[in-house]
Amino acid sequence: MPEQNPCYKISELLHQAKQSLSQTGIKTAALETRVLLCHVGGLSEAEVIAYPDRTIEEKPAAEFFDLVARRSQRIPLAHLLGVREFWGLEFCVNAQTLIPRPETEFAVESAVNCARAIFARTGQVRILDMGCGTGCLLVSILHEVAGASGLGIDINPQAVDLARKNAEKLGVERRSTFKCMDWGEGLIEKFDVIVSNPPYIRSGELAGLMPEVAVHEPVRALDGGVDGLDEYRKIIPRAQRLLNPQGRLIVEIGHGQATGVLGLLAQHDFQPVDAAKPVIHDLAGCERIISAVKVC
């Protein structure tokens, strides 16, 4: 008689995996185990929920438990999947770049509104993404504003390669270019909109971050120095030089940093686009985005 390969019920796999992840302090263990099982089994979440007695063969089950074991080591889920959804688009991710986060979508929204207004008035709009990482900011903006074009820059050549890959994957490669450089040093081109999500975590706070971030994401993309503002001190004067008159600078900030960033902007001839509401807060109520205009 031929030897039969063992099979495992979906419900059994999910139960064991959820226990493993819960024991390591992962609060979304149930959701994450479903996501991982869908990933290895080629199933939809609806199928996993509706058919708990369906069986999974030995090979995908082994792959599933391997991923669960790695997730138990607090490796980010996005790194295990190789992708992360952002702005309704699927971006490739790796350990060399910051994983795109939902709160950064507020920067996309601000930039899209600005870019559309400029394009409607002039028939063109040029965007610079400083510290592009995965390219999620620039690619998302170009995806929304069909007439826009842009440049993404990052000091990490592996990030530049990944951003270029995402631009190709998401169909905006003809309107985007990516270069390896440090905050636009040496650039002479002028732009209408500059966006940036720079490192802004205070150095003393890095060790207290979740292990997924502190251990598995690049420190260079997180560490903003003692007060978290080191990179803004580089970005803002360069943005002043690279922006067209009345150009917009849109930056993400950390909680409690609005006063410091607004002060730096004022020193370099920027003022908030909306003086009555200079800071956009995220859904958790945290200070998140500042949109400023170059006034001279």
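Reader: In which hand, left-handed or right-handed, does H1 pass H4 in a crossing?

Author: This is a predicted model, and in it H1 passes H4 in a right-handed crossing. The contact behind that crossing is made by Leu-13, Gln-16, Ala-17, Ser-20 and Leu-21 on the H1 side, and by Ala-61, Phe-64, Phe-65, Val-68, Arg-71 and Ser-72 on the H4 side.

Reader: At what angle do the axes of helix H6 and helix H7 cross?

Author: The axes of helix H6, residues 105-122, and helix H7, residues 136-144, cross at roughly 45 degrees and come within 9 Å. H6 and H7 are therefore oblique to each other, and H6 passes H7 in a right-handed crossing. On H6 the contact is made by Ala-107, Val-108, Ala-111, Val-112 and Arg-116, while H7 brings Leu-137, Ser-140, Ile-141 and Glu-144. The residues of this contact of H6 with H7 divide into 6 nonpolar, 1 polar and 2 charged.

Reader: Turning to the backbone, which phi does Trp-87 have, and where does Trp-87 lie?

Author: Trp-87 has a positive phi of about 55 degrees, although this residue is not a glycine. Trp-87 lies in the loop between strand E3, residues 83-86, and strand E4, residues 89-92.

Reader: Why does Trp-87 count as partly exposed?

Author: Partly exposed is the class between buried, under 20% relative accessible area, and exposed, over 50%, and Trp-87 belongs to that class because its relative accessibility is 24%.

Reader: What can be said of Trp-183: which phi does it have, and is it buried or exposed?

Author: Trp-183 has a positive phi of about 50 degrees, although it is not a glycine, and it is found in the loop between strand E7, residues 176-180, and strand E8, residues 191-196. With 10% relative accessibility, Trp-183 counts as buried.

Technical notes
Residues are numbered from 1 along each chain as its sequence is written. This is a predicted model: local features need pLDDT of at least 70, side-chain atom pairs count only at pLDDT 80 or more; totals for chains, interfaces and linings use all residues. Side-chain values use heavy atoms; hydrogens and water are left out. A crossing is left-handed if the near helix is turned anticlockwise from the far one by less than a right angle, and right-handed if clockwise. Helices (H or I, at least four residues) and strands (E, at least two) are DSSP runs, numbered from the N terminus. Contact means heavy atoms within 4.5 Å. Axes are lines fitted to C-alpha atoms, for helices over the stretch in contact, and angles run from 0 to 180 degrees between N-to-C directions. Angles under 35 degrees count as roughly parallel, over 145 as roughly antiparallel, 65 to 115 as roughly perpendicular and the rest as oblique. Ala, Val, Leu, Ile, Met, Phe, Trp, Tyr, Cys and Pro count as nonpolar, Asp, Glu, Lys and Arg as charged, and the others, Gly among them, as polar. Buried means under 20% relative accessible area, exposed over 50%, partly exposed in between (1.4 Å probe, protein chains only).
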